[in-house]
Amino acid sequence: MPQLALSARFLEEFGKLDSKARDGAVKVALKFQQLTLKQLWTDVGLDFKQPKGARDKHIYTCRVSKFYRGVVLAPDSGEAFLLLRVLPHDDAYAWAAKQVPSVNAVTRGLEILDAVTTEQLIPMWEAEAAGSPASPLFADYSDNDLQGLGVEADVLRAARSLTDKAQLDAFAPLMPEDQWQVLQFLAEGLSLQEVWSEFVAYRAPTAALDRTDLATAIRSTPSRIALVTGEQELADILEKPFAAWRVFLHPSQRHVAYRPSYSGPAQVTGGPGTGKTVVALHRVKHLLSHLRQGERILLTTFTGTLTAALRDGLAQLVEDDQQRARVEVTTVNALARQIVTAPGEEAGDYLSSSEELELWDEISKRLELPWNGQFLAQEYKHVILAQGLRSLDEYAAASRAGRGSRLPATRRPELWRAVEEFDENLAARKARTHLRVCDEAALLLASSGPLYRHVVVDEAQDLHPAQWRLLRATVSRRPDDLFIAGDPHQRIYDTKVSLKSLEIPVAGRSTRMRKNYRSTQEILAWSMALLNGRPVEQLADGSDETLAGFRSSLHGPRPSMHAAPSQDDELDELVRCVQEWHDKGVALSDIAIAARFNRLAGRAVSHLREAGIPALGLRQETSETEGVRVGTMHSLKGLEFRCVAVIGVRDGVVPYPGAVTPMEADPIQHHTDLTAERCLLFVACTRARDRLHVSWSGAPSPFLAEAGTA
Ligand SMILES: Nc1ncnc2c1ncn2[C@@H]1O[C@H](COP(=O)(O)OP(=O)(O)OP(=O)(O)O)[C@@H](O)[C@H]1O
């Protein structure tokens, strides 16, 4: 029996079919599982036909329903059939007739080129390029350079006729995806070596290649083609056609997630929406398949909302309940609480950051110290807790590197007195702070021993050193101990760490993702302007990281912006915008509103409800509840929605002065805080897949003005 394979595009189109056509497509796919080669070719229901004027003899169409046909690639060997697309009857024939499959000489993957349209367009582009004063887009690269990355004759000719990135984008639907991706990386400024190592090296040939062997090429293209091994697997894939991330991984994603083993901690970084969470989930799946009896995995992240998303994702990827039960999904803070709280003991109250600040202010006044509450809180967080200092002697000997404020050594005893006072006050109230508890939990584990065989961390960029110490202590120093996913461009709190300084060395085991799968290029480009090309400090060792080469191949409308005369007008416009999205078929639960603070978020909820649009706070949501999700920019971290409105992006709020340490108090912290505020707006905007709306009342945020968008 030949093997069935499904292309990513087939699956995407299958997901959008009406139920009748879908049933038809399922029946077709099942026949490939049940019939012999001979039976398939002669099956009346399937009605295999070669399109008239087909450019390639391996391409057929088959009947899916009265109105739809599938496009199938049938290699000569009869070993496999690949379902390429499912389209309305006439479109299927028209598309099928123009396509030519081939085996890429470098990547060995199967490729499909729209040979007819390309041949028609190339002479036009060549003529246009000849008359254009612009220099060719790939002038810096020789044919040899491009061929070495898998760019083949027809695409090479087309690439030579391009003069700008917009033309390259327009070419995307016609071109084999991998070749387009290579050209796109180069156009974005990546070096030949970077493109080679990030995209091609994983797939470089190891044995002789038969370029007529389409069946082998089908098996060598797991990033776009899923081989189906049985009816159960077929049902499983077709049941969730939009969860393409479960089945198709980018070569760099697969390489990172399914690498048999890392000799120590490993890291995946990349801009928003590059699939870091997807990679982390696949890594968990891989680690589960090697887990010995009695061993467990910790999958952890920053906030509770994110653990819910991780749990959902894991349930989609690992269907076996018993396997999944071996993975504990929890936040770092919840884990710490669990470790320090004895059975039956009350967990105690946690101080909010404003309560903590109030307490430090009180102590400062009571002890008549020359420092304000903010200074004390920062010293406690960024020096004392960061280094786990437990006595005045330790504090007196500690480094304050990275602090931009001066504190003579002779004054440290006074400050330590404030720390003691703080701890005593908490003990008296039976209260705790999250970081203090993480610090204690790390200490406890240091004597009681690790809890897990592997730890996988998502959204790692905001973890504090005390949280890292805890994670370090939960797992022994062994191969595959820690797998870390994070993006320093999404650091939205005031902590900056270098993993190297925390004895979590990832050098040589770190990979950066560049392809954005979430947002349209229009949303990405707009959001990236907010960062203004500013590099941020890497998680690994504090050196600079940029978003070079970070791009999406999706396209859509440009973000809309609205400058309102008053907050009421701004909220009226928000209602109009949400209504319009909903009228166009977007589910309310796929729409999110983000504000800098809960107050405006709350007003947005009321305003929407008054207009008859169900809305709820992000924290109240369960995935089934219908209604627009509304929350703070912080609470949107790690999530995604089809449409996002970011509101209240005004001067005096974004950045929020209260969250930015004054320059004169500490210039280093001032810079960190300001960057965190900038990144916060970037994070909120990059949650959007298709539509982004940004609004303000009064003067716009200076971040918008600097980006040239307002
Ligand atoms: N290989 C893939 N195929 C299809 N979709 C993918 C793939 N990888 C990721 N995605 C999709 O891209 C979106 C973003 O993925 P994910 O949340 O893992 O990115 P991220 O890098 O963790 O984002 P962020 O840092 O912004 O939280 C998700 O909708 C995910 O399903």
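Predicted model: local features only at pLDDT ≥ 70, side-chain atom pairs only at ≥ 80, totals over all residues.

User: Which residues come nearest to the ligand?

Analyst: A residue is near a molecule or strand if its C-beta atom, placed from the backbone, lies within 6 Å of it. There are 21 residues around the ligand, and Pro-272, Gly-275, Lys-276, Thr-277 and Tyr-517 come nearest.

User: How do the residues of the shell divide into nonpolar, polar and charged?

Analyst: Ala, Val, Leu, Ile, Met, Phe, Trp, Tyr, Cys and Pro count as nonpolar, Asp, Glu, Lys and Arg as charged, and the others, Gly among them, as polar. The shell around the ligand accordingly holds seven nonpolar, ten polar and four charged residues.

User: Which helix gives the most to the shell around the ligand?

Analyst: Helices (H or I, at least four residues) and strands (E, at least two) are DSSP runs, numbered from the N terminus. Helix 13 (244-247) and helix 15 (276-288) each supply at least two residues of the shell. Helix 15 gives the most, with three residues.

User: How do you know that the span of helix 15 agrees with its number of residues?

Analyst: The expected span of a helix is 1.5 Å times one less than its number of residues. For the 13 residues of helix 15 this gives 18 Å, and the end C-alpha atoms are 18 Å apart, so the two agree.

User: What makes helix 15 mostly covered?

Analyst: A residue is buried if 20 or more other C-beta atoms lie within 10 Å of its own, exposed if 12 or fewer, and partly exposed in between, with C-beta atoms placed from the backbone. Ten of the 13 residues of helix 15 are buried. Among them are Lys-276, Thr-277, His-282 and Leu-287.

User: Why are strand 2 and strand 7 said to stand at the edges of their sheet?

Analyst: Two strands pair if DSSP finds at least two bridges between them. Five strands form an open sheet in the order 2-3-4-1-7, with mixed pairing. Strand 2 (59-63) and strand 7 (225-228) each have a single partner strand, so one side of each lacks a neighbour in the sheet. On average, neighbouring strands of this sheet are turned by 35 degrees against each other, direction ignored; axes are lines fitted to C-alpha atoms, for helices over the stretch in contact, and angles run from 0 to 180 degrees between N-to-C directions.

User: How many bridges join strand 2 to strand 3, and how many does strand 3 share with strand 4?

Analyst: Strand 2 and strand 3 (residues 68-73) run antiparallel and are joined by five bridges, Cys-62 having Gly-70 as its bridge partner. Strand 3 and strand 4 are also antiparallel, over six bridges, and Leu-73 is partnered by Leu-82.

User: Why is strand 3 called largely enclosed?

Analyst: Six of the six residues of strand 3 are buried, so the rest of the structure largely encloses this strand. Tyr-68, Gly-70 and Val-72 are buried on one side, and Arg-69, Val-71 and Leu-73 on the other.

User: Which strands stand at the edges of the six-stranded sheet?

Analyst: This open sheet has the order 10-9-13-14-8-15, with parallel pairing. Strand 10 (327-331) and strand 15 (510-513) stand at the edges, each with a single partner strand. The twist averages 15 degrees from one strand to the next. Within the sheet, strand 9 (residues 297-301) and strand 13 (residues 454-457) are parallel and joined by four bridges.

User: Why does Glu-677 count as buried, and which residues does Glu-677 touch?

Analyst: Glu-677, in helix 28 (residues 667-685), has 23 C-beta neighbours inside 10 Å and therefore counts as buried. Two residues are in contact if their C-beta atoms, placed from the backbone, lie within 7 Å. Not counting residues up to four places away in sequence, Glu-677 touches Val-654, Pro-655, Tyr-656, Ala-659 and Val-660.

Methods: Residues numbered from 1 in each chain as written.
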